Protein chains: 2
Amino acid sequence: MSREPRLVEVRKNVLKQNDVVARELRQRFRDAGVCVVSLVSSPGAGKTALLERTLTLLHPRYRVAALVGDLATENDAARLRRSGARVEQIVTGTVCHLEAAMIQRIIEGWELESLDFLFVENVGNLVCPASYDLGEDLRFVAISVTEGEDKPLKYPTIFNSADVALVTKLDLAAAVDFDRAAADANIQAVRPGMEVVHLSARSGEGMDRFLALLERQLAETRAARVAGRAS
Amino acid sequence: MSREPRLVEVRKNVLKQNDVVARELRQRFRDAGVCVVSLVSSPGAGKTALLERTLTLLHPRYRVAALVGDLATENDAARLRRSGARVEQIVTGTVCHLEAAMIQRIIEGWELESLDFLFVENVGNLVCPASYDLGEDLRFVAISVTEGEDKPLKYPTIFNSADVALVTKLDLAAAVDFDRAAADANIQAVRPGMEVVHLSARSGEGMDRFLALLERQLAETRAARVAGRAS
């Protein structure tokens with residue numbers, strides 16, 4: 001079709017502009033020593049439940065904040081604020097992903113130095129967020145056991161844009177005859193060597209590994225900050 | 001941002017072009033007397049399982065075919081072909097939705113008159129498919145009980161683009177403490193009067209209502225064909 005090249009060209013410009021803003025954000029986050037972690041998944045894979053538990057577990061020991069993206073409603077922000085953390089909602093309207101400029105706008109005036117972790121929950125979507133760098137240090141892609149073991153094969157791009165895979169709702173694994181070996185094999189097929197954490201925000205299983213991973217990343221982010229200052 | 005108006009303009013042209021092709025498709029489907037039914041949902045909400053059961057149940061009595069959209073893999077088509085129906089896979093690459101032109105291309109040369117039902121399973125996505133008319137008679141939007149009752153509020157556009165809502169995986173309702181009244185209220189909040197069918201492709205519960213709805217639509221499609229010929 002004749003319209004495709006023009007649309008592709010416009011999209012490329014949008015992505016290029018996003019990359020410029022994401023680079024600026026990443027530098028700003030690094031200078032402030034804040035560890036920025038993003039979550040992508042299908043709608044209903046349990047991002048908010050995981051974040052709720054994570055914020056509650058981290059809150060006494062670390063200074064945490066979160067940004068949550070949705071097409072509509074402020075529900076997730078209201079739910080997450082109960083953890084005591086600072087949480088802001090980004091309402092995207094009809095846009096199927098967060099963009100670096102949306103993050104930049106919402107954190108305007110924030111004192112990032114006063115934070116250890118900033119979590120970014122993307123719009124529920126296994127396609128669109130793949131192309132948009134948000135300046136994060138670590139991107140998790142989550143699939144729930146109820147979605148089926150084949151999802152990595154069907155949505156390879158998002159697995160390739162992420163750093164670590166999460167398999168969520170582990171407490172429902174038996175109820176849906178979840179085949180862990182098949183899911184793991186499919187993740188490794190699209191992204192050989194990818195680290196995978198199986199967990200349940202409801203039962204708490206696997207949360208220790210998830211938190212250890214976050215703390216490891218925080219240490220790396222801080223080491224990079226020190227290295228940046230020394231150079 | 002300065003780039004937005006241009007992107008919006010290009011998107012509008014794409015949508016307008018899609019509408020033209022969808023109109024042609026709808027006329028072609030109507031002339032052939034084939035009832036075209038599409039399914040949209042999140043990844044892993046159970047579209048393929050529902051379609052598998054539906055094709056198997058309809059196959060002895062009706063002439064059925066299906067088109068299935070995915071970013072990658074031919075898995076769904078292979079799975080659905082076991083029902084004995086003609087099934088074709090549409091691989092979209094990085095595109096997050098089906099478009100009317102994709103349908104038009106894949107059914108080129110088909111004798112649509114030899115079909116009663118043509119099912120179209122969209123890419124798993126609760127955002128992007130909303131804007132693309134595929135020329136179908138009936139569009140179902142499905143949410144599974146495991147996704148949470150709030151999804152209609154968070155993805156209102158897709159509920160407004162669909163004719164009937166399905167609540168799938170009803171066999172898991174107890175395991176996830178699914179609140180049926182809350183889900184129904186949220187659907188009605190974004191789309192007052194919307195018809196809702198609760199079902200499980202696994203247990204078979206609610207399949208009779210779903211099939212009755214399909215047969216009602218087939219009767220309407222055929223009545224419209226007769227009316228079209230008489231005028």
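pLDDT is the predictor's confidence in each residue, from 0 to 100. The model is predicted: local features need pLDDT of at least 70, side-chain atom pairs count only at pLDDT 80 or more, and totals for chains, interfaces and linings use all residues. Residues are numbered from 1 along each chain as its sequence is written, chains are lettered from A and ligands numbered from 1 in the order in which they are written, and side-chain values use heavy atoms, without hydrogens and water.

**Exercise 1.** State the confidence of chain A and of the complex.

*Solution.* Start with the chain. Chain A has a mean pLDDT of 95. In chain A, 97% of residues reach 70 or more. Then take the complex. Its ipTM is 0.91 and its pTM is 0.94.

**Exercise 2.** Describe the fold content and the dimensions of chain A.

*Solution.* Count the elements. Chain A has 8 helices and 7 strands. These are DSSP runs: helices are H or I with at least four residues, strands are E with at least two, numbered from the N terminus. Chain A is as compact as a globular protein of its length, because its radius of gyration (over C-alpha atoms) is 18 Å, close to the 17 Å from the globule rule for 231 residues. That rule is 2.2 Å times the number of residues to the power 0.38. Finally, the box. Along the principal axes, the C-alpha atoms of chain A fill roughly 55 × 50 × 40 Å.

**Exercise 3.** Characterise the interface of chain A and chain B.

*Solution.* Begin with contacts (heavy atoms within 4.5 Å). They involve 46 residues of chain A and 46 residues of chain B. Now the area. About 3700 Å² is buried, with 55% from carbon and sulfur atoms. Buried area is the accessible area (1.4 Å probe) that two parts lose on being put together, summed over both.

**Exercise 4.** Find the salt bridges between chain A and chain B.

*Solution.* Apply the rule: a side-chain nitrogen of Lys or Arg within 4 Å of a carboxyl oxygen of Asp or Glu. The interface gives 6 salt bridges. One of them joins B:K154 to A:D70 at 3.7 Å, N to O.
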